[in-house]
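Open the model in your viewer and keep the selection tool at hand.

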There are 2 protein chains.
Amino acid sequence: MTAVNRQIHIVELPKDKLGPEHFRLAQGAMPQAKDGELLLKTKLISLDAANRAWMQGATYRAAIEAGQVMAGGAVAEVVEAKAPGFANGDLVFADTGWQEYAALPAKHAQKLPRIEPLSHLLSVYGIAGLTAYFGLLNVGKPKAGETVVVSAAAGSVGVFVGQIAKLKGCRVIGIAGGEKKCAWLKSDLGFDAVIDYKAQAVGGALKDAAPKGIDVYFDNVGGDILEACLFRMNNHGRISCCGAVSQYDGAAPRHGPRGIPGLIVTKRLTMQGFIVMDFNAERDKAMSDLQSWVKSGQIKVPEDIMDGIENTPKALIGLLAGDNFGKRMVRVG
Amino acid sequence: MTAVNRQIHIVELPKDKLGPEHFRLAQGAMPQAKDGELLLKTKLISLDAANRAWMQGATYRAAIEAGQVMAGGAVAEVVEAKAPGFANGDLVFADTGWQEYAALPAKHAQKLPRIEPLSHLLSVYGIAGLTAYFGLLNVGKPKAGETVVVSAAAGSVGVFVGQIAKLKGCRVIGIAGGEKKCAWLKSDLGFDAVIDYKAQAVGGALKDAAPKGIDVYFDNVGGDILEACLFRMNNHGRISCCGAVSQYDGAAPRHGPRGIPGLIVTKRLTMQGFIVMDFNAERDKAMSDLQSWVKSGQIKVPEDIMDGIENTPKALIGLLAGDNFGKRMVRVG
């Protein structure tokens, strides 16, 4: 075991766009596990748009502060268990932060099954896959034959939203940035239609792609794309509000989309926010469904893995710019 | 029976604020009922913010067109029934338009019980009361002990939303315009707290009036007040989207409230639009609840009645300016 613990510190909270200057690589001391704690070795760090949102203030977790190790979830291995119910070698998901080793209370670690490849624990069987599952099925409630639109469609959650909606018999339209990503969604993941928001006006493109209107919109981005979808929703449509990535990486939020609340009233829409923890009670059923779909090949598992903890800031900055194809993570151990 | 049918025509659709110049009093011919139709004598015309929204284009009903009799619902009496199931003297609710007599297909008329005073058929037992009932109980779903906020609290719907929420054990805060209305909501209708949006900044006032945050916001207005409430909602709060009266009487809708979708995600809020027809299946239960609450004195029925069809434009313009205390209507017959 090395005596050094490489870490990424956040030097200063971004006021506008996040850049490499907001981070620095540091060498911390090896942490020690106290009674009730686990010493963890980080294996795979999850990169999420939410990492950026945490820098804007308290959300469902406390805000991130400058001068500390950057927060972030990871798959980690227990190297020293000082808490009942855990053994050395166990795999857990925990907010280790961006560092090679972390010691934290066992109650903050969630034991994971040893599934190979481990990366699936962060993609399809992790928060990304479960978010897609619950946000689409429990919040969006699509019926066979309905039209489902998903934004950030090539992102960690979007790739599963689209595939699960297809599997449920829906017409699926993905909104993503760039020709390459859009082509990939159609050819590799089976989307019925795609809209490249960098090349096309989304409102007009939706008229062609969703001639019968939209029944379920799974919103990962907010902003102008949410507005464009609002104007194409069918009566009694559902908008599953998963994230607002268009508004994380910048200054104070702009005004909201036009049509709120007017269109919500006249079309009797439901907009509902959720986070995956709200559905913990149904987690086993979701995992079992996802595993059977992966095994049968009904859903593919795109992953976008970078190596080396020193690349974690770059991985997040790129994620916010939309560089990733599927779930982005950094392999550490 | 007079041979003349006094009517209010809409001369021109308003581009901005609605004024008396958009209407004219006209004398139409007495309509004739064809087979399958009813000849109706208008008794009480219902004034609603929705009347103004219809002038902006198609909503859940077709848009209003210039040069025609102004559309509007009314309690009317059947004077000549040429359709099975109806008899002379029956009371119905129908879109007679703003005129003394109308002939229309019987299938567009809804038979009403002969409840006295007839005005209750437009207030507590009409769309106003049912909208409050379903929008609060079926959409907002308040639990005893929760905090409920309602805007346009002195309006036709708001007065019942507040009283029903009190009856369900909630803390109730009303937002209304003007000292007199606000005082009345507390002294006569039992609201726990009131905010005069013309005299106070709503965001700051909500901090004092709702120290534990808002669980249910019944939104009649949209705009800045919706935005202020969004920022004070508790996790898992519900926003019942009933109307957007702040945005009906003017030009194109402004941008939506800040915090959408960001706050919807982080607080896991639900915003849901509805119209009363969506709940037709549960109408009998609602009517029976409302009747028992009125009989027992648990809810009061404020009504704001003007006389004479020539006053209907003034009644609507005043309603949009917030002049009314409770349900506004015009007595015609």
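**Stop 1: a pair of valines.** Select V148(A) and V216(A): V148(A) stands opposite V216(A) in β11(A). Strands here are DSSP runs of E with at least two residues, helices are runs of H or I with at least four, and both are numbered from the N terminus. This is a predicted model, in which local features need pLDDT of at least 70, side-chain atom pairs count only at pLDDT 80 or more, and totals for chains, interfaces and linings use all residues. Residues are numbered from 1 along each chain as its sequence is written, while chains are lettered from A and ligands numbered from 1 in the order in which they are written.

Now show both strands whole. β8(A) and β11(A) run parallel, joined by 3 bridges. Two strands count as paired if DSSP finds at least two bridges between them. Go back to V216(A). Its bridge partner in β12(A) is R238(A). β11(A) and β12(A) are also parallel, with 5 bridges.

Is β11(A) mostly covered or mostly open? It is mostly covered, with 6 of its 6 residues buried. Buried means 20 or more other C-beta atoms within 10 Å of a residue's own, exposed means 12 or fewer, and partly exposed lies in between; the C-beta atoms are placed from the backbone.

Stop 2: Select strands in both chains. An open sheet of 12 strands runs β10(A)-β9(A)-β8(A)-β11(A)-β12(A)-β13(A)-β13(B)-β12(B)-β11(B)-β8(B)-β9(B)-β10(B), and its pairing is mixed. Look at the two ends. β10 (193-196) of chain A and β10 (193-196) of chain B each have a single partner strand, so one side of each is left without a neighbour in the sheet. On average, neighbouring strands of this sheet are turned by 15 degrees against each other, direction ignored. Axes are lines fitted to C-alpha atoms, for helices over the stretch in contact, and angles run from 0 to 180 degrees between N-to-C directions.

**Stop 3: helices on the sheet.** Select residues 223-230 of chain A. This is helix α6, which packs on the sheet and touches β8 (147-151), β9 (171-176), β11 (214-219) and β12 (233-241) of chain A. Its direction makes about 170 degrees with that of β11(A). Contact between two residues means that their C-beta atoms, placed from the backbone, lie within 7 Å.

Switch to chain B and select 127-140. Helix α2 of chain B lies across β11 (214-219), β12 and β13 of that chain, at about 145 degrees to β12(B).

**Stop 4: where the chains meet.** Select 270-273 in both chains. β13(A) and β13 of chain B pair in the antiparallel sense over 3 bridges. Which residue of β13(B) is the bridge partner of M271(A)? It is M271(B). The strands here, β12 (residues 233-241) of chain B and β13(B), are parallel over 4 bridges.

Widen the view. 32 residues of chain A are in contact with 32 residues of chain B. On the chain A side, α7 (262-266) and β13 (270-273) each supply at least two residues. That side divides into 15 nonpolar, 12 polar and 5 charged residues. Ala, Val, Leu, Ile, Met, Phe, Trp, Tyr, Cys and Pro count as nonpolar, Asp, Glu, Lys and Arg as charged, and the others, Gly among them, as polar.

**Stop 5: the core.** Select L40(A), C229(A) and C229(B). Among the 216 residues in the largest nonpolar core, these three touch the most other members. Such a core is a set of buried Ala, Val, Leu, Ile, Met, Phe, Trp, Tyr and Cys residues joined through C-beta atoms within 7 Å. Zoom in on C229(B). Leaving out residues up to four places away in sequence, C229(B) touches V149(B), L206(B), I214(B) and Y217(B).

**Stop 6: two domains.** Colour chain A by domain. Domain 1 covers 4-123 + 302-331, and domain 2 covers 127-277; domain bounds come from an automatic or database domain assignment. Their C-alpha centres lie 28 Å apart. The contact takes 18 residues from domain 1 of chain A and 16 residues from domain 2 of chain A.

**Last stop: a loop.** Select A281(A), in the loop between β13 and α8 (283-295) of chain A. A281(A) is exposed, with 7 other C-beta atoms within 10 Å.
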